[in-house]
Amino acid sequence: MAWTNYQLFLAGLMLVTGSINTLSAKWADKLKTTGCQGSTSHTFQHPFLQATGMFLGELSCLAAFYLLLCRDRRRPESNMTPPQPFNSLLFLPPALCDMTGTSIMYVALNMTSASSFQMLRGAVIIFTGLLSVAFLGRKLQWNQWIGIFITIAGLVVVGLADLLSSTDGKQQLSKIITGDLLIILAQVIVAIQMVLEEKFVYKHDVHPLRAVGTEGCFGFIILSLLLIPMYYIPASEFSNNDRHVLEDALDAFCQMVNQPLIIVALLGNISSIAFFNFAGISVTKEISATTRMVLDSLRTVAIWIVSLAVGWEVFHPLQILGFLILLLGTALYNGLHKPLLDKLPWCKASENDIAERERLLGTDQAPINDPS
């Protein structure tokens with residue numbers, strides 16, 4: 001069945017804004033200027049402030065939800081389910097996970113390439129699968145176990161490509177390894193977030209935009225407050241500001257004034273996360289969660305091509321192999337092979353298999369507020 005113009009628009013919006021989200025963050029990290037009080041010129045590496053901006057983008061989804069609700073109430077026939085009462089504190093634990101995981105990923109983005117950053121985030125299915133078995137009592141099918149092992153192999157190949165493409169000595173090599181490991185660590189936290197959302201949040205039937213906005217509200221408030229003690233916590237080589245503290249928000253604002261392109265990059269990051277969440281939720285609703293997964297993979301390709309074009313990274317053929325292996329692992333985990341097998345006369349699916357496939361493909365496997 002052909003897609004409607006609206007569905008094509010949603011797919012394009014998700015692909016473009018999802019790519020802009022990572023690329024704008026990396027662009028900001030690459031920009032270099034002086035900070036406060038005539039400090040030496042240095043790159044804009046303020047991961048915790050960037051994470052705060054991302055949560056501001058998520059918070060805007062709450063405004064979008066209420067605008068949609070007001071518009072829906074003016075119609076003769078309502079399309080939206082009336083909002084059900086729920087305790088907002090249910091979103092606090094997943095918001096804390098989101099805050100921690102996102103902050104770690106922004107730190108890691110300073111240490112590795114944008115394409116590897118995006119590819120390594122595929123590790124989330126490994127930890128999500130294992131945690132869903134341990135805490136949700138779910139039984140993984142054979143294709144999901146194979147998908148997990150293939151994903152592990154893909155991560156090894158991507159990591160190896162990073163090591164081989166490093167030409168700046170041992171210090172740069174150590175930085176890349178640390179960045180890749182931090183990304184994988186962040187996926188453990190994202191997997192915990194997904195399990196918490198499934199166990200405590202999804203059963204309350206909260207509108208996805210409202211859920212994204214509520215978690216964004218918690219993340220923005222908490223991380224904004226944490227910027228104060230971070231201003232005084234020493235971080236030695238992990239910091240790029242003159243004071244060598246965990247996060248120097250004042251230095252960040254001075255750099256924004258001295259280099260307006262940083263503001264442009266940050267606004268691109270903040271606005272893209274809001275539109276990406278809206279587009280992702282709408283694609284799942286209007287088309288399918290499978291389409292969302294495919295578009296997410298295309299986003300990785302787009303980020304890689306742009307990074308190569310602007311000279312942010314060096315091409316290495318192993319990255320292609322790693323990406324294909326990760327794509328195969330993700331496809332198997334999400335059951336995309338089953339419709340193909342059903343076309344074979346000797347592989348007709350049983351009713352139980354069909355029901356399981358519909359559950360797999362009809363359920364969004366991403367966290368509520370996946371920024372990816």
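Colleague: Hi! Why are R299 and D296 separated by about one helical turn?

Modeller: Because they sit three residues apart in helix α11 (residues 289-309); helices here are DSSP runs of H or I with at least four residues, strands are E runs of at least two, and both are numbered from the N terminus. Before we go on, this is a predicted model, so local features need pLDDT of at least 70 and side-chain atom pairs count only at pLDDT 80 or more, while totals for chains, interfaces and linings use all residues. Residues are numbered from 1 along each chain as its sequence is written, and side-chain values use heavy atoms, with hydrogens and water left out.

Colleague: Thanks. What do the side chains of R299 and D296 meet in?

Modeller: A salt bridge, at 2.4 Å from N to O. The term means a side-chain nitrogen of Lys or Arg within 4 Å of a carboxyl oxygen of Asp or Glu.

Colleague: And is R299 buried or exposed?

Modeller: R299 is buried, at 1% relative accessible area, whereas D296 is partly exposed at 23%. Buried is under 20%, exposed is over 50%, and partly exposed is in between, using a 1.4 Å probe and protein chains only.

Colleague: How many salt bridges does the structure hold?

Modeller: Three. One of them pairs E198 with R138, with the closest N and O atoms 2.1 Å apart. E198 lies in helix α7 (residues 169-201) and R138 in the loop between α5 and α6, so the pair ties together parts 60 residues apart in sequence.

Colleague: Which residue forms a salt bridge with D248?

Modeller: R243, with the closest N and O atoms 3.6 Å apart. D248 is buried at 5% relative accessibility, and R243 is partly exposed at 38%.

Colleague: New topic: where is A274, and what is it in contact with?

Modeller: A274 is in helix α10 (residues 260-286). Leaving aside neighbours within four places in sequence, A274 is in contact (heavy atoms within 4.5 Å) with G57, S60 and C61. A274 is buried, at 15% relative accessibility.

Colleague: How far apart are A274 and A64?

Modeller: They are 9.1 Å apart in space, C-alpha to C-alpha, and 210 residues apart in sequence.

Colleague: Last one: which spans does UniProt list as "transmembrane region"?

Modeller: The unreviewed entry lists several, including 176-196 and 216-233; positions follow the numbering used here, feature names are shortened, and annotations may be inferred rather than shown by experiment. In the model, residues 176-196 are 100% helix, with end C-alpha atoms 31 Å apart. Residues 216-233 are 83% helix, with end C-alpha atoms 25 Å apart.
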